[in-house]
Amino acid sequence: MKASKKLMVTGARGFVAGNVIARALKDWEVHALSRGEPLFEHPALKWHVAASTGETDLARVFQQVMPDVVIHTAAIANIDFCEANPALARKANVEMTAVLAGLCESSGSKLVFCSTDNVFDGERAPYCEDDLPAPVNFYGQTKFEAERIVARAGKSALIARLAFVVGFPAFGPCNSFLSRVVESIQSAQQLCAPENEFRTPIDVISASRALLELADGEHAGVFHLAGNDRLNRFELLQEIVRVLRLPPCRITTVDPSQVRSRAPRPRDVSLNNHKARSFLKTPMLEFREALAILTREQPCQTG
Ligand SMILES: NC(=O)c1ccc[n+]([C@@H]2O[C@H](COP(=O)([O-])OP(=O)(O)OC[C@H]3O[C@@H](n4cnc5c(N)ncnc54)[C@H](OP(=O)(O)O)[C@@H]3O)[C@@H](O)[C@H]2O)c1
């Protein structure tokens, strides 16, 4: 890999983006695109603030950088917020993607779009890349709409559907489920999770490596980036507490239908990851191995 190859990462202050950037700095000239000020500095990193996600601001930054590849992570990823704020969700998740897809297509840049297991209805798992999305919440709907735009944006546009991503932020505070679990347990709070929602969780280190592999290679189409284990969210919590040797705590189950203002969730969006396992060098892991990697490579947050 030539150091001069330019990678733009959108949503740079986010959980997945920070982890991607942390791993890309060695091999790429990295351009972070964000709505806000830098969280960190590095000689191989250039930080670009776009005042809005409208076409004018995005095009200005894009034309300044002319990236070889864009990994597009920026989104409103909070399912309940999207349900309650559909106009904002569509603007961030669909319209911004459409602008970036257009810019990439017209300049010949590759686009790796981060989508989600929530595009599926959860009734026919495990899902392969060719299965038909049918989202049950507005977040999933916006990501599916964005997928369709990306799929029409030429051969250099890829869709990476991420399963539930587990890990710690690389920089600054952000949307990390694992950080929230550790904090809650360390402050002796009770945790609860549903038993009837199944996921194939992936650690953020493997997800970042796989996204960078997709950015660098000749891959095409849709890829499911997911772990090898299907777990319900209660089992997932139990495993985290056990493997990270967190202080014992009470974990209870919850019936999600009893939680007020919670948007619908698909029941079982386990992803079939055979394509990623066949075409990528980055291994897709059992959940236990994924947690072991996190404790090895992000030890400061678990120690
Ligand atoms: N985490 C998961 O478990 C998971 C699972 C499946 C799919 N995904 C997908 O992976 C991607 C990254 O997720 P994440 O967990 O890293 O999310 P995150 O931590 O919430 O980061 C998303 C970033 O997007 C930018 N953003 C937020 N609101 C925005 C808005 N209104 N307009 C434009 N940009 C906005 C922000 O970056 P700046 O402040 O720098 O602008 C934010 O930090 C998303 O596309 C998400 O749908 C995540």
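Reader: Where is Met66 in this model?

Author: Met66 sits in the loop between α2 (55-65) and β4 (69-72). Bear in mind that this is a predicted model. Met66 has a positive phi of about 50° although it is not a glycine.

Reader: Why is Met66 called partly exposed?

Author: Happy to go through the count. Met66 has 13 other C-beta atoms within 10 Å. A residue is exposed at 12 or fewer and buried at 20 or more, so with 13 Met66 falls in between and counts as partly exposed.

Reader: And what makes Ala188 exposed?

Author: Ala188 has 9 C-beta neighbours inside 10 Å. Exposed means 12 or fewer, so Ala188 counts as exposed. Ala188 is found in the loop between α6 (177-186) and β8 (191-193), and its phi, near 60°, is a positive value in a residue other than glycine.

Reader: How do you know that the peptide bond joining Ala125 and Pro126 is cis?

Author: Look at omega: for the bond between Ala125 and Pro126 the angle is about 0°, and the bond is cis. Pro126 lies in the loop between β5 and α5 (138-151).

Reader: What makes α1 and α7 contact partners?

Author: Two residues are in contact if their C-beta atoms lie within 7 Å. On the α1 side, the residues that meet α7 include Phe15, Val16 and Val20; their partners in α7 include Ile205, Leu211 and Leu212. By class, this contact has nine nonpolar, two polar and two charged residues. The axes of α1 (residues 15-24) and α7 (residues 204-216) come within 9 Å and cross at roughly 65°.

Reader: Which hand does the crossing of α1 and α7 have, and why is it called that?

Author: The crossing is right-handed. That name applies because the near helix is turned clockwise from the far one by less than a right angle.

Methods: Residues are numbered from 1 along each chain as its sequence is written. This is a predicted model: local features need pLDDT of at least 70, side-chain atom pairs count only at pLDDT 80 or more; totals for chains, interfaces and linings use all residues. Axes are lines fitted to C-alpha atoms, for helices over the stretch in contact, and angles run from 0 to 180 degrees between N-to-C directions. Helices (H or I, at least four residues) and strands (E, at least two) are DSSP runs, numbered from the N terminus. Ala, Val, Leu, Ile, Met, Phe, Trp, Tyr, Cys and Pro count as nonpolar, Asp, Glu, Lys and Arg as charged, and the others, Gly among them, as polar.
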